[in-house]
Amino acid sequence: NEFGGAWAYQFTDNFFIEGYYGIARLKNYPGDGISTATTHLIGRIKYNFKAPLYSYIMPYIGFQYYNVSSPEAGEGTDTQITPAQKAAELKAIDDLKKSGPVFGVTVLRRLVPGWFFKADIGTDVMNIGFAIEF
């Protein structure tokens, strides 16, 4: 699970720019007793389409930066850890690191004025939560 927050700004009719920040701590990844911290930054541009039942569909494109920090990976002092296992831990951390373009769709469903159910489905994140308009 990743805890995150986003802020969006409507800069012209139906166009929004959004920034997302997420953070997670993975226990026992990539090996026992190893803690891994992740930071996720995303910038998106969205276009808003009105849908039925007080809903909105917002396709987006953007760019993501996903940073991973695990200083203990590959540094095992236990004699039971082989060099191949140490290399596998370092490869698992490197495989998580990624940056590049993203695309997807955000679906908003109005609950009451100013409160929305929000779902993001894209190549960057799968998210379900709530949004507040102010």
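T106 is buried, with a relative accessible area of 1%, where buried means under 20% relative accessible area, exposed over 50% and partly exposed in between, computed with a 1.4 Å probe on protein chains only. The structure is a predicted model, in which local features need pLDDT of at least 70 and side-chain atom pairs count only at pLDDT 80 or more, while totals for chains, interfaces and linings use all residues. Residues are numbered from 1 along each chain as its sequence is written, and side-chain values use heavy atoms, with hydrogens and water left out.

**Around T106**

T106 lies in strand β6, residues 98–112; strands (E, at least two residues) and helices (H or I, at least four) are DSSP runs numbered from the N terminus. The side chain of T106 makes a polar contact with the side chain of K46 at 2.8 Å, and another, of 2.5 Å, with the side chain of D120. A polar contact is a pair of N or O atoms within 3.5 Å; within protein, one must be able to donate a hydrogen and the other to accept it, and residues adjacent in sequence count only if both atoms are side-chain atoms. Leaving aside residues up to four places away in sequence, T106 touches K46, Y56, I57, M58, Y60, K118, A119 and D120, contact meaning heavy atoms within 4.5 Å.

K46 belongs to strand β3 (residues 35–47), along which the side chains alternate. G19 stands opposite G43 in β3, whereas L41 stands opposite Y65 in β5.

G19 has its place in strand β2 and counts as partly exposed at 33% relative accessibility. Not counting residues up to four places away in sequence, G19 touches G5, A6, W7 and I42. The C-alpha atoms of G19 and I34, which are 15 residues apart along the chain, are separated by 30 Å.

**Salt bridges**

A search of the whole structure finds nine salt bridges, a salt bridge being a side-chain nitrogen of Lys or Arg within 4 Å of a carboxyl oxygen of Asp or Glu.

| Pair | N to O distance |
|---|---|
| D124 and R44 | 3.0 Å |
| K91 and D95 | 3.0 Å |
| K118 and D120 | 3.7 Å |

D124 and R44 form a salt bridge, and the pair links distant parts of the chain, with D124 in the loop between β7 (115–122) and β8 (126–132) and R44 in strand β3, 80 residues apart. D124 is buried at 8% relative accessible area, and R44 is buried at 1%. In the pair of K118 and D120, K118 is buried with a relative accessible area of 11%, and D120 counts as buried at 2%. Which residues are linked in a network of salt bridges? They are E18, R44, K46, K118, D120 and D124.

V125 is also found in the loop between β7 and β8, and counts as buried at 12% relative accessibility. Residues up to four places away in sequence aside, V125 touches Y20, R44 and D120.

**Helix α1**

K91 and D95 both lie in helix α1 (residues 83–96), four residues apart, about one turn of the helix. Helix α1 has 14 residues and reaches 20 Å from its first C-alpha to its last, close to the 20 Å expected at 1.5 Å a residue, the expected span being 1.5 Å times one less than the number of residues.

The buried residues of α1 are E89, A92 and I93. Seen down the axis of α1, its buried residues fall within an arc of 95°, so they line one face of the helix; the arc is that of the directions from the helix axis to the C-beta atoms. These buried residues of α1 pack against β3 and β5, while the face turned away from the buried side carries the exposed residues P83, A84, K91 and D95.

How values were computed. Two strands pair if DSSP finds at least two bridges between them.
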